[in-house]
Amino acid sequence: MTDEQTRRDDRAHVFHSWSAQAQIDPPVIVEASGSHVTDDTGRRYLDFSSQLVNVNIGHQHPRMIAAIQEQAARLATIAPAAANDKRSQAARMIAERAPGDLSKVFFTNGGAEANENALRMARVHTGRHKILAAYRSYHGATAGAIALTGEPRRWASEPGMPGVVRFWGPYLYRSSFHAETEEQECERALAHLRDTVAAEGPEHVAAIVLETVVGTNGVIPPPDGYLAGVREICDEHGIVMIADEVMAGFGRCGEWFAIDRWGVVPDLISFAKGVNSGYVPLGGVVISPEIAATFDDRPYPGGLTYSGHPLACASAVASMEIFEDEGILEHVRTLGAETIEPALEKIAAKHPSVGEVRGLGVFWAIELVADRQTREPIPAAAVGAVAAACKERGLWPFVAANRVHVVPPCTTTAAEAEEGLAILDEALAAADAHVT
Ligand code: PLP
């Protein structure tokens with residue numbers, strides 16, 4: 001039996017994110033387990049979205065649930081001004097896993113707030129006001145974070161925050177620099193960033209913020225050398241380097257922090273999502289000792305009632321322990337390299353609608369085009385048809401613009417990944433039909 005009461009109440013009273021309220025009919029999800037979610041008709045879906053690319057540990061992990069229950073029974077909430085065992089432990093564990101000497105953690109309730117605070121820290125620390133942020137980025141929907149965001153979701157919130165300057169990051173498939181190789185793309189993107197810094201006056205630039213691996217805007221891993229080049233530009237001018245790892249961090253790329261893949265140490269890292277898979281809302285900023293020291297003898301001008309919430313921190317501690325006990329980071333690297341990548345390459349070879357596949361770990365995109373020569377993006381209707389074909393076959397996909405993102409939980413088994421990729425393979429026939 002379907003849950004009509006929930007559906008009615010949802011339509012009458014729940015105001016949904018990013019949606020034309022009269023045009024949506026959200027599915028009613030009643031339970032979930034591991035890589036699957038189940039709707040009110042009893043239909044099970046293989047979750048190839050990790051919801052909003054956050055359920056890295058999979059659904060309803062029993063140790064996560066137990067950690068939250070134990071914490072709730074002992075101490076459900078306590079103000080940020082107190083010290084608390086799980087808060088301290090979560091901060092220590094995150095700092096121990098963070099690159100270089102990053103050593104302190106400011107906790108927030110999600111990714112947007114993490115970026116708000118990262119940019120505040122950078123501005124106060126440097127005494128400068130300009131922030132360089134990339135096109136094709138998403139940093140969250142609060143005032144500052146949406147102002148940093150370099151894609152159309154920002155437009156309705158403009159004019160946003162003064163001082164944000166935009167630059168183009170590397171994306172070889174649709175190169176803004178007319179590059180033909182990864183090396184050229186890297187070199188030219190860095191030259192462009194240098195020019196942008198020079199034109200803005202380096203002494204006015206507080207921070208360069210970028211997603212280590214661009215997420216919602218295409219799953220675009222940076223070419224080798226790019227992040228090191230950004231680090232160099234920042235070092236030259238005393239600019240704070242902020243790596244937004246809200247989506248890329250905590251396992252998605254097979255590392256605690258995605259930037260470890262490129263061996264670069266930023267000054268601030270914003271995180272959320274995978275840190276505890278959203279079992280309880282949590283995000284934060286990992287901070288370099290130098291920036292943290294700015295606030296040794298002067299108060300940090302920011303705070304949140306629920307900063308370091310015990311339920312959230314208890315689940316973050318549990319999540320990091322589970323990742324290690326179950327070897328999940330290694331599993332992600334193997335799953336990506338041995339199962340997902342080869343399957344996607346076969347898919348790319350077979351379907352004329354596939355322009356490019358790219359990614360790493362459990363973070364992949366299939367970019368769909370109407371014409372492989374011109375690379376014209378496939379129409380939205382075609383992507384909708386692929387998504388519908390996936391759902392009919394029991395796969396919950398993640399689609400964005402002209403892409404299907406392959407972003408299952410980090411705990412997805414090779415057999416589940418193969419099953420999902422086989423469904424995607426069939427569903428892509430719906431896109432092929434739109435190739436001109
Ligand atoms: N930064 C990145 C890279 C994200 O992908 C997101 C959300 O998708 C955010 C920030 C915002 O996080 P939240 O929705 O938790 O505020």
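Modeller: Start with elements: helices (H or I, at least four residues) and strands (E, at least two) are DSSP runs, numbered from the N terminus. Residues are numbered from 1 along each chain as its sequence is written. The model is predicted, so local features need pLDDT of at least 70 and side-chain atom pairs count only at pLDDT 80 or more, while totals for chains, interfaces and linings use all residues.

Biologist: Why is V53 called buried?

Modeller: Buried means 20 or more other C-beta atoms within 10 Å of the residue's own; exposed means 12 or fewer, and partly exposed is in between, with C-beta atoms placed from the backbone. V53 has 24 such atoms within 10 Å, so V53 is buried. V53 is found in helix 2 (residues 50-53).

Biologist: And which class does Q60 fall into?

Modeller: Q60 has 15 C-beta neighbours inside 10 Å, so Q60 counts as partly exposed. Q60 lies in the loop between helix 2 and helix 3 (62-74).

Biologist: What makes the phi of V53 worth a remark?

Modeller: Most residues other than glycine have a negative phi, and most peptide bonds are trans. V53 is not a glycine, yet has a positive phi of about 55°. Q60 also has a positive phi, near 55°.

Biologist: How do you know which peptide bond is cis?

Modeller: By omega: it is about 0° for the bond joining E158 and P159. P159 sits in the loop between helix 6 (143-148) and strand 6 (164-167).

Biologist: How do you know that strand 2 and strand 3 pair?

Modeller: Pairing requires at least two bridges found by DSSP between the strands. Strand 2 (residues 36-39) and strand 3 (residues 44-47) have three, in the antiparallel sense. V37 has Y45 in strand 3 as its bridge partner.

Biologist: What makes strand 1 and strand 14 edge strands?

Modeller: The open sheet of four strands runs in the order 1-2-3-14, with mixed pairing. Strand 1 (29-33) and strand 14 (395-396) each have a single partner strand, so one side of each is left without a neighbour in the sheet.
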